[in-house]
Every structure is written in structure tokens, then in C-alpha cells.
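Here's a quick briefing to read with the model open in your viewer.

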Amino acid sequence: MSVRVAIRDPLPLFRRGIAAALHDIDIAPDAPDDLLAWTREQRPAIVFLTLESANDWALLDQLSASATDITVLAVLVEATTANYVRALSAGAVACLPRHATPAAVREVLQSVLAGTSAVPIQVLRVLAARHASVGSKTSTLTDEELSWLRELAQGTKVGTLAEQARYSERMMFRHLHEIYRKLGVRTRTEALMYGREQGWL
């Protein structure tokens, strides 16, 4: 099965560097202007996506949600543990720092093509700790509370949610604030972001 590869990075020199590194393993990547359109036409596909701005992170979310046959390799401008965790939680299957060597770029791609991914040990520790805390947090939420979060994620208004649950709007807000407290967050946005990270929504 042939897989197309694309590179999304604002620096032409970096794109050419990745292309040169992949040329050594007989892969000629594309650098489309409209990456989302390209992924609709090229499937299965692998995308090297540089994550630097809020728009880049939003694009990662879109690509991850668009199809299961789009594989994202996150290129991190700031290769911190937090950014590794964030990228993997958002749907990237592997990460590499932007300053990675050509050999490292090839190695990451070949690992992904083989169905594996190397993750730094510190990142694994954070992900494992987060997974353990998720179990305890989800166990404190009722099925009804999880359904309310899912409704909010789909854009349902609190007033509508209250009406469906047969509560006053004021009481619904109290219930939602209790959910936020259980999850260790302060706002609805934080709760929804957390829920998406954990795959509940």
C-alpha cells in the first residue's frame, strides 16, 4: 500500500531539508498550500506538521478528527515534555523536535510506517500519570454528568440542558460547577478541553 507524505512548515528551507532526508528512503513528499484539501484527496497519508502557533495546533485537531487514515507526525518548535504530551493527546502518533537530524526524521517515519512510535521516557511517565488520574476522575462523574459534558461539547446551551434534565437553569449551573470541581478545572472551556484530551467527548 502506498502512502503519500506531506510537509507543513512555514520555512521553505526546513521543508526542503525534510524532503532531502526522505529522498534517501525513496519518498518524495508534497508541500501543499491547502493541507486539508490535500488530505481529502491523498489517503492514506502521513503529514509532518510543525506546531508553533495556535493555528497549527488547531490544524492538528482538524486532521486528527478528519479521518483515521491521516497520520500526523508532530514537529515541535519547542520540544518540551508538555508539548510532546499535548501533541500526542491531540492525535499525533509521533513527535520530533524541529532541530532533529535527517537520520532521526527517517527513523521516526520508518517507525510509524512499521506501526510503532518512539516516545521519550519522561513523556510516557506524564501520560501514564495522566491516565491514572483520568480513571479516578471519571469514576467520580456519574453517567448523567458525562452526558451533560458531551451535550455541552456539541453546543447545547445550558438552558436547554437544564430543561432536558428538568432542573432550573440556576440548578444546572450548580451541577456543572460541581463537575468542574471534580475534574480540577475552573471553567466550562477547561472542562471541555480536558474531556476532549481524555477522549470522553
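This is a predicted model: local features need pLDDT of at least 70, side-chain atom pairs count only at pLDDT 80 or more; totals for chains, interfaces and linings use all residues.

Residues are numbered from 1 along each chain as its sequence is written, and side-chain values use heavy atoms, with hydrogens and water left out.

**Overall layout**
- The protein chain has 10 helices and four strands; these are DSSP runs numbered from the N terminus, with helices being H or I of at least four residues and strands E of at least two.
- Going along the sequence, you get β-α-α-β-α-β-α-β-α-α-α-α-α-α.
- The C-alpha trace spans about 65 × 35 × 30 Å along its principal axes.

**The sheet and its helices**
- Four strands make an open sheet in the order β1-β2-β3-β4, with parallel pairing (two strands pair if DSSP finds at least two bridges between them).
- β1 (4-8) and β4 sit at the edges, each pairing on one side only.
- On average, neighbouring strands of this sheet are turned by 20° against each other, direction ignored; axes are lines fitted to C-alpha atoms, for helices over the stretch in contact, and angles run from 0 to 180 degrees between N-to-C directions.
- Strand β3 (residues 70-76) runs parallel to β4 and is joined to it by four bridges, and leucine 73 stands opposite alanine 94 in β4.
- α3 lies across β1, β2 (45-51) and β3, at about 160° to β2, where contact means heavy atoms within 4.5 Å.
- α4 also packs on the sheet, touching β2, β3 and β4, and its direction makes about 145° with that of β4.

**Pockets**
- A pocket here is an open set of points on a 1 Å grid over the protein atoms alone, where a 1.4 Å probe fits, with protein on both sides within 12 Å along at least five of seven lines; lining residues have an atom within 4 Å of a point.
- The largest pocket has a volume of about 420 Å³, a volume being the space filled by probe spheres set on the points, which are joined across faces, edges and corners.
- α3 (54-66), α4 (81-89) and α10 (188-198) each give two or more residues to the lining of the largest pocket, and α3 has the largest share with five residues.
- Among the residues lining the largest pocket are Trp57, Asp61, Arg86, Met193, Arg196 and Glu197.
- By type, the lining of the largest pocket divides into five nonpolar, three polar and four charged residues; Ala, Val, Leu, Ile, Met, Phe, Trp, Tyr, Cys and Pro count as nonpolar, Asp, Glu, Lys and Arg as charged, and the others, Gly among them, as polar.
- The second largest pocket holds about 170 Å³ of space.
- Of the 13 residues lining the second largest pocket, Cys95, Ala104, Glu107, Val108 and Ala118 are the closest to its centre.
- The lining of the second largest pocket divides into 10 nonpolar, two polar and one charged.

**Aromatic pair**
- The structure holds two aromatic pairs (rings of Phe, Tyr and Trp, the latter by its six-membered ring, with centres within 6.5 Å; planes under 30 degrees apart are stacked, over 60 edge-to-face and the rest tilted).
- Tryptophan 148 and tyrosine 167 have ring centres 6.1 Å apart and planes at 80°, so this pair is edge-to-face.

- Most residues other than glycine have a negative phi, and most peptide bonds are trans.
- The peptide bond from arginine 43 to proline 44 is cis, with omega near -5°; proline 44 is in the loop between α2 (35-41) and β2.
- Aspartate 26 has a positive phi, near 60°, and is in the loop between α1 (12-23) and α2.
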